[in-house]
Amino acid sequence: MPYHPPLRRCRARRVLALAALCLVAAGAAAAEGHAPGDIDSEHLFGFTEGSDLGAPGEIELEWDVTGRAGKRAGRFRALDSGIALKMPLTADFRLAPGLTFAAHDTALAGAPARTSGGLNGAVLETRLRLLDRRAAPFGLTFSAVPSYAGIDGGSGLAATGFGGEFGLLADAELVPGRLVAAVNAGFGLSATTLNATGERFPVSGIEIAGALAYRAEPGLFLGGEMRYARAYEGLTLDRLAGEAFYLGPTLYAVLSPRTWISLTWNVQMAGRAAGEPGPLDLSVFDRHQMRMRVGYTF
């Protein structure tokens with residue numbers, strides 16, 4: 001995983017310009033792809049994910065970068081990245097250990113401006129396929145991702161955090177080899193303690209996401225996704241902190257027989273923060289969320 005330097009004097013338009021260049025490059029490189037009926041659905045949809053998990057003996061190295069920007073209380077820009085080794089142990093079970101990194105450039109109200117970055121922590125993704133869409137009406141996979149973090153994702157401050165994300169990932173080929181749909185339902189929780197002050201922040205949340213991906217040409221899928229998320233104080237969905245609805249385009253392209261790239265840019269279209277006025281939640285959630293993933297299969 002290459003280290004992401006601190007985001008000094010970075011502007012959101014630079015991030016968007018980089019994403020646009022990636023879209024153009026990916027589209028130009030998508031010269032070959034999956035045959036009809038042989039689609040790997042996992043990465044077609046951006047933040048939403050398909051139920052596929054690879055075949056036994058097929059090891060994949062994946063690099064994931066998520067950019068977040070836009071808060072009501074001041075300047076906020078963050079990059080969350082990670083590298084994972086995905087190893088299917090059987091046709092229906094996969095483990096994927098990984099390392100995570102984080103970089104922040106913030107100037108929020110009531111806090112000094114600061115820039116930071118470095119190693120964040122570790123994750124261990126576990127996936128169990130319950131239904132294979134090639135033999136059932138739709139595919140269904142259960143995902144569990146326990147994690148450790150040394151940086152608070154909301155502020156960029158040094159912290160000690162433990163958490164987990166759990167989800168059901170469903171998908172189906174509406175038009176075989178051409179149009180694929182996915183629906184995700186997820187629950188996450190974490191407990192973070194700031195190293196400097198000892199303050200502890202237990203939080204939890206739920207998210208529902210849906211997406212479509214259309215094969216525009218061999219090796220190139222274009223689509224869109226929508227996501228609805230709610231965040232709570234407490235580990236068991238105790239007190240609502242905010243909610244947000246995101247919408248955005250997606251792109252998936254095969255760059256070579258072993259390499260692919262997936263891109264998305266989601267914008268918060270509606271939301272509400274508990275106890276605050278305004279049509280959006282820019283306290284708990286971000287206005288913009290962008291994600292790029294690149295994978296290489298051995």
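**Entry 1: Glu60**

I began with the side chains of Glu60 and Trp260, which are joined by a polar contact of 2.8 Å. I take a polar contact as a pair of N or O atoms within 3.5 Å; within protein, one must be able to donate a hydrogen and the other to accept it, and residues adjacent in sequence count only if both atoms are side-chain atoms.

I note that the model is predicted: local features need pLDDT of at least 70, side-chain atom pairs count only at pLDDT 80 or more, and totals for chains, interfaces and linings use all residues. Numbering runs from 1 along each chain as its sequence is written, and side-chain values use heavy atoms, with hydrogens and water left out.

I located Glu60 in strand S1, residues 60-71. Strands (E, at least two residues) and helices (H or I, at least four) are DSSP runs, numbered from the N terminus.

Is Glu60 buried or exposed? I found Glu60 buried and without a salt bridge. Buried means under 20% relative accessible area, exposed over 50%, and partly exposed in between (1.4 Å probe, protein chains only). A salt bridge requires a side-chain nitrogen of Lys or Arg within 4 Å of a carboxyl oxygen of Asp or Glu. The nearest side chain of opposite charge is Lys86, 4.6 Å away; Lys and Arg count as positive, Asp and Glu as negative, and His and the chain ends are not counted.

I listed the contacts of Glu60 (heavy atoms within 4.5 Å). Leaving out residues up to four places away in sequence, Glu60 touches His43, Ala84, Leu85, Lys86, Trp260, Tyr296 and Thr297.

**Entry 2: Aromatic rings**

I recorded four aromatic pairs in the structure. Rings of Phe, Tyr and Trp (its six-membered ring) pair if their centres lie within 6.5 Å; planes under 30 degrees apart count as stacked, over 60 as edge-to-face and the rest as tilted. Tyr296 and Phe298 form an edge-to-face pair, at 5.2 Å centre to centre and 85 degrees between the planes.

I then examined Arg227, whose charged end sits over the ring of Phe47, 4.2 Å from its centre. Arg227 also lies over the face of Tyr246, at 5.0 Å from the ring centre. The criterion is NZ of Lys or CZ of Arg within 6 Å of the ring centre and within 35 degrees of the ring normal.

**Entry 3: Leu237**

I noted a positive phi of about 55 degrees at Leu237, which is not a glycine. Leu237 lies in the loop between strand S9 (220-233) and strand S10 (239-256).
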